[in-house]
Amino acid sequence: MINRALVTGGAGFIGSHLVRKLIANGTEVHILVDVNHDISRLDYVIRKIKLHKVTNWKELELRGILHAINPEAIFHLRAAINNDPSAKENSIYKINFEDTKQLVEATSRLPSLASFIYTGTIAEYGGAPAPFREDGQALPISDYGRSKLATTKWLQESYRSKNFPVTILRLSVVYGPWQKLHLLIPRVIMSCLKKQDFYINSFGAQTRDPLFAEDAVDGFLLAASSKNAYGKILNFGLGKEHAILDIANMINNLLDQPIKILTKGEPNCVGESDHYWHDIEKAKNILGWIPKISLEEGLKRTVAWYEANQDIFKVL
C-alpha cells in the first residue's frame, strides 16, 4: 500500500480517477495544481485531499513542497496537449519537457520516494506501424507527441545514470466518466442524448485502442509497486483495434439509435496511421496487468454516467 502519494494533473480526467482510487485505498493524497486551474472534477473529494497550488514550476519552489510532503510515490500526469486552444508549441514543450525536468530534479534526496510514474502517450509512436511495441519505432507527428517522447528519453537516461525510480506508461486512448466533450466517445454520447446526427470527418475506418479509465488506474497502481518496472516503457491499452465508426455505432446502439452516424470521407491528418493500437504483452509480463473492462462494458458504464450527469456538460 502507498501511504503518501503526490499527483500532478490530479484535477484532470485520468488524474481525478486515480485520486479517487488512491483515497479509496486509504492513501494520503497530495495534488499539485496550477494556480487558477479548474478543480471541479475533485469537488466530491476535496475534503479528503491536500491541494498545493504551484505558481512557478521551478525546482526551488517544487523542492520545498515535495520535501514537506515526502511522498512514497509520485504520479506525474500534468501535460499540455495539442487540442488545448491555449497551447502553442513552446508552451507544450515547456510544460511537458522542461517542467517535468524541474519536478524530477526537485525530488533529489527525498527520503521516502520509491516510485515516479510518468504518463506517456500513444502519440509518441505517431506514424509508426501498429501494433505499437515499446522497442519499436517512435515517429511522433505532433508537438505533443514529440515533447512527450523527448521527456521519455530524458527520464530513461535519468534511470540509467542516477537510478531514478521512474516507470513510463504509454497510454492509448483512455475514456470513461468525466472526460471532456470534445473527444470522440463523449461527443457521440452527447449527440445521441441531444438527438443530433453525428458526423465523422473521415470514412471512419481508422482504428483506435480505447482503454477504460478504471483499467488505466489499476495499471498505475501496479506500476508504482513494481521495482521490475523501473526504467521501462510499458504500453497500456486494450491491445485490440476498433474502427472509430464501429465505436460510434456501438454508442448509438446502446442508446437505441436516436441519431444517424454519418461519414464525410475526408483524408486523415498527414502522417497519421490508419491503425493506432498497442501491443500490451510487456505490461502483462512485468506487472501482471490485464485490462478487465471490455469496450462494450466500458461504453455501457460511460453512457450510463453521462445520462445520469447531463448537468455536468456545462463544466466539461
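Me: Two strands count as paired if DSSP finds at least two bridges between them. With that in mind, and given that this is a predicted model, which residue in strand 4 is the bridge partner of Ala5?
Reply: Strand 1, which covers residues 4-8, pairs with strand 4 in the parallel sense, and four bridges join the two. Ala5 lies within the range of strand 1, and its bridge partner in strand 4 is Ala73.

Me: Strand 4 also pairs with strand 5; which residue there does Phe75 stand opposite?
Reply: The pairing of strand 4 with strand 5 is again given by four bridges, in the parallel sense. Phe75 belongs to strand 4, where Phe75 and Ala73 point one way while Ile74 and His76 point the other way, and all of these residues are buried. Across in strand 5, the residue opposite Phe75 is Ile117.

Me: Is Tyr118 buried or exposed?
Reply: Tyr118 sits in strand 5, which runs over residues 115-121. Its relative accessible area is 1%, and a residue under 20% is classed as buried, so the word for Tyr118 is buried.

Me: With the side chain of which residue does the side chain of Tyr118 make a polar contact?
Reply: Beyond its neighbours within four places in sequence, Tyr118 is in contact with several residues, including His76, Asn96, Thr152 and Lys148. A polar contact asks for a pair of N or O atoms within 3.5 Å, and at 3.2 Å the side chain of Tyr118 makes one with the side chain of Lys148.

Me: What radius of gyration does the chain have?
Reply: The chain comes to nine helices and 13 strands, and its C-alpha trace spans about 55 × 45 × 40 Å along the principal axes. A compact globule with 316 residues would have a radius of gyration near 20 Å, which agrees with the value for the chain, 19 Å.

Me: What share of the 316 residues is buried?
Reply: Among contacts in the chain with a separation of 6 or more, 78% are accounted for by residues 24 or more positions apart. The chain exposes about 14,400 Å², of which carbon and sulfur atoms supply 50%. Of the 316 residues in the chain, the buried ones make up 55%.

Notes. Residues are numbered from 1 along each chain as its sequence is written. This is a predicted model: local features need pLDDT of at least 70, side-chain atom pairs count only at pLDDT 80 or more; totals for chains, interfaces and linings use all residues. Side-chain values use heavy atoms; hydrogens and water are left out. Buried means under 20% relative accessible area, exposed over 50%, partly exposed in between (1.4 Å probe, protein chains only). Contact means heavy atoms within 4.5 Å. A polar contact is a pair of N or O atoms within 3.5 Å; within protein, one must be able to donate a hydrogen and the other to accept it, and residues adjacent in sequence count only if both atoms are side-chain atoms. The radius of gyration is taken over C-alpha atoms; the globule rule is 2.2 Å times the number of residues to the power 0.38. Accessible areas come from the Shrake-Rupley method with a 1.4 Å probe; for residues, only the protein chains shown count as cover.
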